[in-house]
Protein chains: 2
Amino acid sequence: MKLSDGIEQSIHSVLMLASLGEDSVLAAAALAEFHGVSTSYLLKHLQALAGARILSSVPGPKGGYRLARAPDKISLLDIVIAIEGAAPAFRCAEIRQRGPSPLDAQFFRAPCGVNAAMLRAEQAYRAELRKISIADLATDPQTPLGAAIEARGCAFLDRHARRQSIST
Amino acid sequence: MKLSDGIEQSIHSVLMLASLGEDSVLAAAALAEFHGVSTSYLLKHLQALAGARILSSVPGPKGGYRLARAPDKISLLDIVIAIEGAAPAFRCAEIRQRGPSPLDAQFFRAPCGVNAAMLRAEQAYRAELRKISIADLATDPQTPLGAAIEARGCAFLDRHARRQSIST
């Protein structure tokens with residue numbers, strides 16, 4: 001089981017956009033440069049995040065991305081589902097119904113115990129991810145790490161943020 | 001995120017082997033026939049389960065597989081790790097250290113908060129899977145479903161189980 005590399009890129013991109021001014025956007029190319037990743041690959045994920053209404057996109061040569069809602073309203077689960085889809089990791093193919101001597105159909109009304117157990121574990125995973133918001137992940141700027149992250153991010157945003165009146 | 005189809009096949013195969021007599025084994029081809037799946041694909045997973053000491057294999061034309069330990073000592077987590085590997089689903093590529101103006105190395109001694117949060121969720125997932133054993137998943141033969149599963153399994157095992165004195 002492996003999550004897409006796009007999850008890490010997406011979470012860090014959303015964190016970066018959380019520090020943007022409300023009237024600003026950041027281009028996909030700037031987000032990719034800041035994280036040292038491929039623009040075309042990141043763009044695919046930014047579009048998925050926009051499709052899930054985590055980001056808004058502003059089209060045009062001065063356009064870019066910004067958060068579509070407040071950082072405390074974006075959970076890690078929202079981002080994981082936007083990138084990976086909502087289907088559970090365990091997908092029951094009902095192999096209990098296959099083979100040379102399958103049971104009578106009446107027995108398959110109740111879900112398979114294996115599937116139910118795997119889904120309970122996935123619910124526990126999702127519950128943990130739902131608890132953690134982008135606001136929770138922002139590093140306290142009072143700490144040396146937080147101050148360094150903020151200084152680095154601000155210097156970059158000063159060069160790359162595109163200020164505008166956004167109508168979307 | 002998607003678990004391999006091999007997980008479902010492996011769990012159902014281990015459940016089937018849990019109902020074998022202690023002096024018997026079942027061939028990979030019989031397990032594949034019972035579940036209506038490809039023998040060669042299932043074999044790969046049975047070998048992984050044997051590598052993880054969940055199953056024992058008895059070589060030779062009369063050989064096959066049996067449980068290497070009691071059903072209550074085999075958790076769903078054991079099976080998932082045997083098939084998918086022990087690496088976490090989220091693999092931090094430390095993109096926070098990339099880009100044109102990375103922070104000083106001293107700031108990266110502590111793990112990234114994003115990685116820590118994703119790993120906490122994975123721990124919750126694994127904790128749930130660890131709680132559930134193959135013994136827990138056996139259906140109560142007193143119920144109509146359990147009785148039907150048992151009757152079907154017994155009839156199949158009567159035809160396919162290979163009784164022997166096992167030295168491995």
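Q: How much area do chain B and chain A bury between them?
A: This is a predicted model, where local features need pLDDT of at least 70, side-chain atom pairs count only at pLDDT 80 or more, and totals for chains, interfaces and linings use all residues. Residues are numbered from 1 along each chain as written, chains are lettered from A in the order written, and side-chain values use heavy atoms without hydrogens or water. Buried area is the accessible area (1.4 Å probe) that two parts lose on being put together, summed over both. Carbon and sulfur atoms carry 69% of it, and the total is about 4,900 Å².

Q: Which residues in chain B lose the most area to chain A?
A: Three residues together account for 18% of what the chain B side buries. They are Met1(B), Glu8(B) and Ile95(B).

Q: How many salt bridges are there between chain B and chain A?
A: A salt bridge needs a side-chain nitrogen of Lys or Arg within 4 Å of a carboxyl oxygen of Asp or Glu. The count between chain B and chain A is zero.

Q: Which element supplies the largest share of the side of chain B that touches chain A?
A: Helices here are DSSP runs (H or I, at least four residues), numbered from the N terminus. Several helices of chain B each supply at least two residues, including α1 (5-18) and α5 (113-131). The largest share is eleven residues, from α5(B).

Q: Is α4(A) oblique or roughly parallel to α5(A)?
A: The helices α4 (residues 76-84) and α5 (residues 113-131) of chain A pack at about 120 degrees, axes 6 Å apart. Axes are lines fitted to C-alpha atoms over the stretch in contact, and angles run from 0 to 180 degrees between N-to-C directions. Under 35 degrees is roughly parallel, over 145 roughly antiparallel, 65 to 115 roughly perpendicular, and the rest oblique. Therefore α4(A) is to α5(A) oblique.
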